[in-house]
Amino acid sequence: MMDGAFIWETFLRLIVALRVTLSVWALSVFFGAFIAAGVAWMRGSGVKPVEWVARAYVFVFRGAPLLVQLFVVYYGLASFPAVRASIFWSFLRDAFNCATLSCALCTAAYQSEIFRGALAGVPHGQIEAARACGMSGFLLFRRVIFPIALRQALPAYSTEVISMVKATALVSLVTLWDVMSVALKIRNDTLVTYTPLLVAGAIYFVVNYLIARAFIFIEQWLSPHLRARSA
Amino acid sequence: MAWTTALGFGERGWGPALLEGAVLTLLVSIAGLAIGAVLGSLVAWSKLSGVRVAAAIGEGYAAIFRGLPELLVVYFVYFGSSAALTGLDHLFGGQGFLGVPGFVAGALAVGVISGSYQAEVFRGAFLAIAKGELEAARAVGMGRWLSFHRIIAPQVLRFALPGLGNLWQVALKDSSLISVTGLSELMRTSQVAAGSTHQPFTFYVAGGALYLALTSISDRVFEFAEARATRGMRREAH
């Protein structure tokens with residue numbers, strides 16, 4: 001049951017499926033970051049109605065399970081004839097697009113809170129000092145606010161990015177052939193109970209481990225002032 | 001059928017079923033959080049104990065379940081718990097297949113995931129207790145058990161509350177994954193209703209709204225609990 005050839009064969013099929021998992025993950029994190037930047041900006045805009053929209057967005061997309069959001073987009077929207085007749089249909093008819101869209105919308109809510117926290121954490125004195133030197137607007141943001149906020153956001157951001165890898169397993173429920181659904185298919189076809197799930201688990205675990213290492217590396221790289229001096 | 005009728009409490013309405021699903025979601029999440037609390041405090045204790053083997057086991061459990069997709073854990077616990085129960089039954093001479101009830105398997109899955117995160121919450125809470133308090137307890141002659149239930153437990157609970165509140169929300173949302181096992185909690189009920197009425201949008205949005213109600217109401221409860229638990233603590237001067 002647990003023979004090497006079967007494990008190897010399962011592994012090869014799951015590695016092919018890993019492309020789908022990683023595509024949904026990378027695209028949703030990437031586009032989610034842009035939406036999140038927009039939401040964080042709206043939240044800090046100082047205009048009350050705009051702030052409420054941002055708050056409502058975070059409340060809805062963080063408060064409801066991703067599975068519900070995914071089903072609303074994939075099954076719910078498609079049930080309207082008007083949607084099927086609209087120009088969006090060429091996008092929404094594809095399960096991959098729906099999956100990526102819902103993952104992006106969901107992670108954006110979490111990411112926007114991370115951005116907001118990081119921006120709020122920039123010491124006020126730093127900004128004052130930059131202004132005293134004559135920086136303002138974009139220059140101030142690029143040289144002072146962004147670098148400090150980025151460093152502060154990284155630990156929480158890595159957690160969110162890793163939790164998105166795990167969340168992509170849900171796309172198996174909307175007909176996509178990602179690692180999770182291929183593992184379940186192998187399980188159903190061969191009636192081998194655990195091996196496919198164990199191999200899939202190992203793949204997810206290694207991917208998450210590598211991402212976590214990469215973030216630790218970036219963190220150290222971006223914090224040269226915290227490194228021990230050799231001299 | 002109009003969506004108001006479909007969602008309503010009339011003869012053909014799905015309102016009661018959805019509310020029952022929400023109650024089941026609540027129960028399975030509470031059970032999951034409780035199982036997670038037991039596992040989490042065991043892992044926290046193993047890490048604080050200084051016993052190397054225990055710490056390694058605790059660390060391994062937490063690392064594995066934090067690194068796996070929640071859905072995979074749900075499948076694994078669902079398939080695995082029935083197989084384990086059947087195997088145990090065969091050891092004692094049983095012959096048939098024994099299935100673990102969906103509720104138990106679901107609570108176990110949510111609990112195993114939650115426990116791997118609760119471990120860190122409890123460990124942090126324990127480390128937040130001022131050392132002097134533990135020394136003082138020993139100095140007045142309190143034994144292990146007495147100092148645990150008079151000094152350590154009340155403070156750990158107080159310091160752990162914010163973290164537990166977050167993990168409660170996670171457990172509530174993770175419980176939606178149990179729908180794949182067929183347990184008729186909120187998500188599964190929404191799916192069934194969506195299928196039989198051909199109104200997926202209405203029912204997934206309704207399901208989502210009920211989840212939002214659960215998360216926001218329980219958020220209030222945790223806020224209240226936190227305010228109550230810290231009522232005797234000195235506020236930091238501003």
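Helices here are DSSP runs of H or I, at least four residues long, and strands are runs of E, at least two long. With that settled, chain B has nine helices and zero strands. Keep in mind that this is a predicted model.

Let me stay with chain B. Along the sequence, the pattern reads α-α-α-α-α-α-α-α-α. The C-alpha atoms fill a box of roughly 70 × 60 × 30 Å along the principal axes. Chain B has 238 residues, and buried ones make up 38% of them. Now the contacts. Take those in chain B between residues at least 6 apart in sequence: 73% of them join residues at least 24 apart.

Next, one helix pair. How do helix 2 and helix 3 of chain B pack? Helix 2 covers residues 15-49, and helix 3 covers residues 52-67. Their axes sit 7 Å apart, at an angle of about 140°. The cut-off for roughly antiparallel is over 145 degrees, so helix 2 of chain B counts as oblique to helix 3 of chain B. The crossing of these two helices is left-handed.

Who touches whom? From helix 2 of chain B come B:Val43, B:Ser46, B:Lys47 and B:Ser49. Across from them, helix 3 of chain B brings B:Ala54, B:Ala55, B:Ile57, B:Gly58, B:Glu59, B:Tyr61 and B:Ala62. By type, the residues of this contact split into six nonpolar, three polar and two charged.

On to the interface. Here 26 residues of chain A are in contact with 26 residues of chain B. Which elements of chain A give two or more residues to that side? They are helix 2 (48-63), helix 3 (66-76) and helix 10 (195-222) of chain A. The chain A side divides into 18 nonpolar residues, seven polar and one charged.

A:Val174 is in the loop between helix 8 (137-167) and helix 9 (179-190) of chain A. Is A:Val174 buried or exposed, or in between? There are 18 C-beta neighbours inside 10 Å, so A:Val174 counts as partly exposed. Buried would take 20 or more.

What does A:Val174 touch, leaving aside neighbours within four places in sequence? The contacts are A:Leu70, A:Tyr74, A:Ala95, A:Cys98 and A:Ala99. Look at A:Ala99 in particular. A:Val174 and A:Ala99 are 75 residues apart in sequence, yet 7.7 Å apart in space, C-alpha to C-alpha.

Terms used: Residues are numbered from 1 along each chain as its sequence is written. Chains are lettered from A and ligands numbered from 1 in the order in which they are written. This is a predicted model: local features need pLDDT of at least 70, side-chain atom pairs count only at pLDDT 80 or more; totals for chains, interfaces and linings use all residues. Axes are lines fitted to C-alpha atoms, for helices over the stretch in contact, and angles run from 0 to 180 degrees between N-to-C directions. Angles under 35 degrees count as roughly parallel, over 145 as roughly antiparallel, 65 to 115 as roughly perpendicular and the rest as oblique. A crossing is left-handed if the near helix is turned anticlockwise from the far one by less than a right angle, and right-handed if clockwise. Two residues are in contact if their C-beta atoms, placed from the backbone, lie within 7 Å. Ala, Val, Leu, Ile, Met, Phe, Trp, Tyr, Cys and Pro count as nonpolar, Asp, Glu, Lys and Arg as charged, and the others, Gly among them, as polar. A residue is buried if 20 or more other C-beta atoms lie within 10 Å of its own, exposed if 12 or fewer, and partly exposed in between; C-beta atoms are placed from the backbone.
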